[in-house]
Amino acid sequence: MSIPFAHMLFLATLLFVMGAVCAMTRRNLIMILIGVEIMLNASGIAFVAGSMRWQEFQGQVMTLFVMTAAAAEIAVALALIVCVQRRTGSINANRYNLLKG
Amino acid sequence: MNTVLFLLLAFPLTGALILALTGRFLSQRAVQTVACASVIAAFILALTAFLLSGHSAQTVNLGLWFAAGSFHVDIDLYYDSLSALMTLIVTFVSSLVHIYSTAYMRAEGDNVRYFCFLNLFVFAMLVIATAGNLVFIYLGWEIVGLCSYSLIGFWYSKPGTADAGRKAFIATRLADVAFGTAIALCWTDLNQLSVAGINDGASSLSSGTAAMIGFLLLFAAIGKSAQLPLSIWLPDAMAGPTPVSALIHAATMVTAGVYLLMRFFPVIQCSQTVLLAISLVGVMTVCFGAFSALVQRDIKRILAYSTISQVGYMFLALGAQDLAGSMFHLITHAFFKALLFLGAGCIIKALHEEHDIFRMSGLRKRLPLMFWLFMAGTLSLGAFPLTGGFFSKDRILLSVFLQPDIHFRILWVIASIAAMITPLYAFRMFFVIFYGKPEADSNKNAPIQDLMTITLWPLAILSIFAGFINFPLNWGGSLWLDGFLQTIPGAAAETHPSSQLEWTMQAGFALMTLTMVILAWVLYSREQESDELSGTPMTEAFQRFFLNGFYLDHFYQERIVIPYRNLSVFLWKKVDEGLIDDGLDRKAVFFMKLAERLRLWTTGQISDYVSFLVAGFVMILGCLTALWWFK
């Protein structure tokens, strides 16, 4: 194996942090969704890396699960975004503050 | 016999129930008839039971009352010669009081309530007299307390009347606590609640427990019998209708305490200390009552204090282990005190609710019949030679004198001095009421109904001649009462004194009484506006002291009621409102302020929530890392 394990973990962490920062700072719902996707895929990379490192296949199976869950999540989330966009005419997350205490 | 005893209790209870449930639909005459009939029937049954009973005690079990595990209480009756006498006296006096009440209460409203409680009172008293176990006695004991409360406060709209009822209730309730404790002690230490069982097991008790039970019973008796230091309720109980006073003071309530001590006499006899305490309470109360009665102006208060004093003699006799003597005085006292109270009721009615004896002078001409009847009662109360009261009181003093213990000699001296005061206050009352100058408006007195005076005759005859039930040996008597009560546990035949000693005592006692009667005549038979006995400030101070009942009420007010109220106010204002309420308020305010701050976190912005989520996640990871690092 030419790529060291640490490098792969570093890439996964970097992607995860970037995804998290994206999800936290952006106000556009689509961009938040993309951030979440990046975080999910970062975790997928970490699983695959672990799988390679210990020569176990569970990590790869877990990645498949994560991808499936992500696909389902995207479908639901996009449907929700379409719904709220119709209702409020905006996809700015700051407009949705009905949960304010 | 079982049926007779069952019916004896059932009649007054049924009377009370009928009046309570259907009384409002009955006419006044019907109400009075039901009440009187049930009590007179009870008297006839008591008489039947008395004649049927042998000397041995009988127990009747009427069924189970309640049970919890091994603790079960029956409704059972225990009928011995003591209960035979007590039921007879109770039913006899209450029958007369009921008949008297029909006339007395005719003009008053609310006859149903009055007669219902009167019947219930008789029932409760019969329960105390015949109950076979402690819990059943306690039931009667409590009903007596309830009835006395509602009868004393019968005219509750009059100022102070309801307070008097409450006072009687609270004072006797204090004693009930002691009674309850005594029951618990009997159960834990003897595993017995029946009267016979406790008396049989008394000898197996350890001396400490026996003394404890004895003292608790004594305290219970003190409350009901209005002895020192719980005597305060009785003078105030005069707020009730006069027949009620007669019933409470003569036949029932105040003798319940004495009767309780008689019932458990073997337990009391176990401890010499308890016996001494009983006689000490008795003697102190005798003096207290006698001196207080000496200066009262209200006729009913004089009689109330004299009751306190006379019941004290019964206690003294019990302390001197003379059960028969105590019972003897109980019987004579029941007769003459009922007579005096009912007579006082007649006089008060005739004079339009006048209670002050110094405004009654010269009634001898106006109420000649009352003069003779009242004289019979006064003679017996004042222990005038050859009356019932003379023999019973002489008997008690003799018993105390015969006690070998040196303490009893001292008690005997004090009791004898108090016995000198008794004729003085009795005849002071009598002379002031009936002699002196008649009032100018002497024809204004209201008529006394015949029914009221008729009931006084049997009482008058019995007060004079009651001595015959226990005629002393030196008079050729047979001491019938002593013989009758011989089977009661603890009533051992006392050592009979020499007849010479008896003659000496009686002669001295008679001489003393006569002197006091003459003194009372000299002091009080002249016409006078008010009690002009005093001249110097010293005697006036004494007079005020006695008039207020030794300031006992004042003492309780100052030392117990006011400190208690201050404590309550302190607990209310400072502890409850200050500490607990205020503490909770402050805590609530603190959390409210905290919540105000925390509220700011819920911005409603999804991105903020995501940030918090990530921050929390990072913190958890950080903690885990730190743990792993430093492990």
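Helices (H or I, at least four residues) and strands (E, at least two) are taken here as DSSP runs, numbered from the N terminus. On that basis chain B of this predicted model contains 25 helices and two strands.

**Chain B overall**
- The C-alpha trace of chain B spans about 115 × 60 × 60 Å along its principal axes.
- Of the 631 residues in chain B, 50% are buried.
- Contacts in chain B between residues at least 6 apart in sequence join residues at least 24 apart in 80% of cases.

**Helix α20(B)**
- Helix α20 of chain B has 16 residues, 450–465, and reaches 23 Å from its first C-alpha to its last, close to the 22 Å expected at 1.5 Å a residue.
- Its buried residues are Met452(B), Thr455(B), Leu456(B), Leu459(B), Ala460(B), Leu462(B), Ser463(B) and Ile464(B).
- The cover over these buried residues of α20(B) includes α3 (81–104), α15 (323–350), α17 (368–381) and α18 (388–402) of chain B.

**Packing of α11(B) and α14(B)**
- Helix α11 (residues 253–263) and helix α14 (residues 299–319) of chain B pack at an angle of about 5°, with their axes 10 Å apart.
- Because angles under 35 degrees count as roughly parallel, α11(B) is roughly parallel to α14(B).
- On α11(B) the contact is made by Val254(B), Val258(B), Leu261(B) and Met262(B), and on α14(B) by Thr307(B), Val311(B), Met314(B), Phe315(B) and Leu318(B).
- By class, this contact of α11(B) with α14(B) has eight nonpolar, one polar and no charged residues.

**Contact between chains A and B**
- Chain A contributes 12 residues to the contact and chain B contributes 10 residues.
- The side of chain A that touches chain B has seven nonpolar, three polar and two charged residues.

Notes: Residues numbered from 1 in each chain as written. Chains lettered and ligands numbered in written order. Predicted model: local features only at pLDDT ≥ 70, side-chain atom pairs only at ≥ 80, totals over all residues. Expected span 1.5 Å × (residues − 1). Buried ≥ 20, exposed ≤ 12 C-beta atoms within 10 Å, placed from the backbone. Contact = placed C-beta atoms within 7 Å. Nonpolar A, V, L, I, M, F, W, Y, C, P; charged D, E, K, R; others polar. Axes fitted to C-alpha atoms, helices over the stretch in contact; angles between N-to-C directions. Parallel < 35°, antiparallel > 145°, perpendicular 65-115°, else oblique.
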